[in-house]
Amino acid sequence: MRDLNIDLFKKIVSTYSPAGNEVRVSKLIKEEVKGYADEIYNDALGNLIVRKKGEGKKVLLAGHMDQIGLMVTYIDDKGFIRFTNVGGISPVVTHSQRVIFENGTVGVVGCEKLDSLKDLTLDKLFIDIGASSKAEAEERVSIGDVCVYYSEPIVDGKNIISPAIDDRIGCFAMIEILKSIKNTKNDIYFVFTVQEEVGTRGAKTAGYAIHPDIAISFDVTATGDTPKARPMAIKLGHGPAVKIKDNSLLCHPTVKNLMIESAKKHSIPYQLEVLEFGGTDSGAIHLTRSGVPSGVLSFPSRYIHSNCEMVSLSDVSNAIDLSIKILEEEI
Ligand code: CO
Ligand code: ZN
């Protein structure tokens, strides 16, 4: 297995970066890739574009910087905060969690008294930052502020567990790929996108501006390996997943086969992914201009969109290795 930069991983998953406010992660990545790229800039929407120039085909790699969050809608007289979702927030997963705002304010998510768990919806939940009045709460939190799940990342010898693995793990892998890639003729755009969680918005504009010959996104996918899970042929630790489809795209045969052939040639384990829900950046990119052949290399993840998303270190390592092999060939 590769020697993964665990310090960087911990830093990148712990950086506050909800959809629409990705500037902190963008700055961190910029700092990290300085010296490895020919061009680094942010576009108007906030996407971070890191280019490694080449004479060959234009390749767009995408990983999203944003994470899901809770946005303040109302503060009551006692200082309790009501919220709406930014991206896919489940009430079951959110109940009793710790959350953190951009200014460092920490809260916990409480729930009204319920007669049945079936009544658990987001509007029954509230954030408690420990304030005793509306005025006290307003000193630290305003309408429209966004908080994210707050939990220390855990890394043991085998797995990593943290909120925001979706999709900071994609960003992390792209940084490692950029740093490790040696000889390549391809013109590679590493695009760290914004606002994926609210509908692949950043990928849409970046795909249009860059107009690539081919695109690959890096993101998490679900697994079918937990008790009574929805049947799915993906297991943690059995290799990165070559996406065949999700709700946003049917991966282009060229890109899919490129990944599969390369994995076979270099004896890198991989799995085939058919995700029956969800979408990712390639869903937006493949429909830009007159179309872009696009695919996705996925990190199998348990408990997506919770504070304990779990990914295998060996899958991350193999995804990075496979990507480097693909990109070092002339596409
Ligand atoms: Co997500
Ligand atoms: Zn994602």
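This is a predicted model: local features need pLDDT of at least 70, side-chain atom pairs count only at pLDDT 80 or more; totals for chains, interfaces and linings use all residues.
1. Basis. Residues are numbered from 1 along each chain, chains are lettered from A and ligands numbered from 1 as written. Local features need pLDDT of at least 70, side-chain atom pairs count only at pLDDT 80 or more, totals for chains, interfaces and linings use all residues, and side-chain values use heavy atoms, without hydrogens or water.

2. Donors are N, O and S atoms within 2.8 Å of the metal (3.2 Å for Na, K and Ca); water is absent, so sites may look incomplete.

3. Bridge and spacing. Asp-166 bridges the zinc ion and the cobalt ion (ligand 1), which lie 3.3 Å apart. His-64 sits in strand β3 (residues 58-64) and Asp-219 in strand β13 (residues 214-221), 155 residues apart. Strands (E, at least two residues) and helices (H or I, at least four) are DSSP runs numbered from the N terminus.

4. Burial. His-64 is buried at 0% relative accessibility. Asp-219 is buried too, at 3%. Buried means under 20% relative accessible area (1.4 Å probe, protein chains only).

5. Helix α1. In α1 (residues 6-13), Leu-8, Phe-9, Ile-12 and Val-13 are buried. They fall within an arc of 120° seen down the axis, so they line one face. The arc uses directions from the helix axis to the C-beta atoms. Their cover includes α2 (23-33), β10 (154-155), β11 (159-162) and α5 (165-180), with contact meaning heavy atoms within 4.5 Å.

Methods. Buried means under 20% relative accessible area, exposed over 50%, partly exposed in between (1.4 Å probe, protein chains only).
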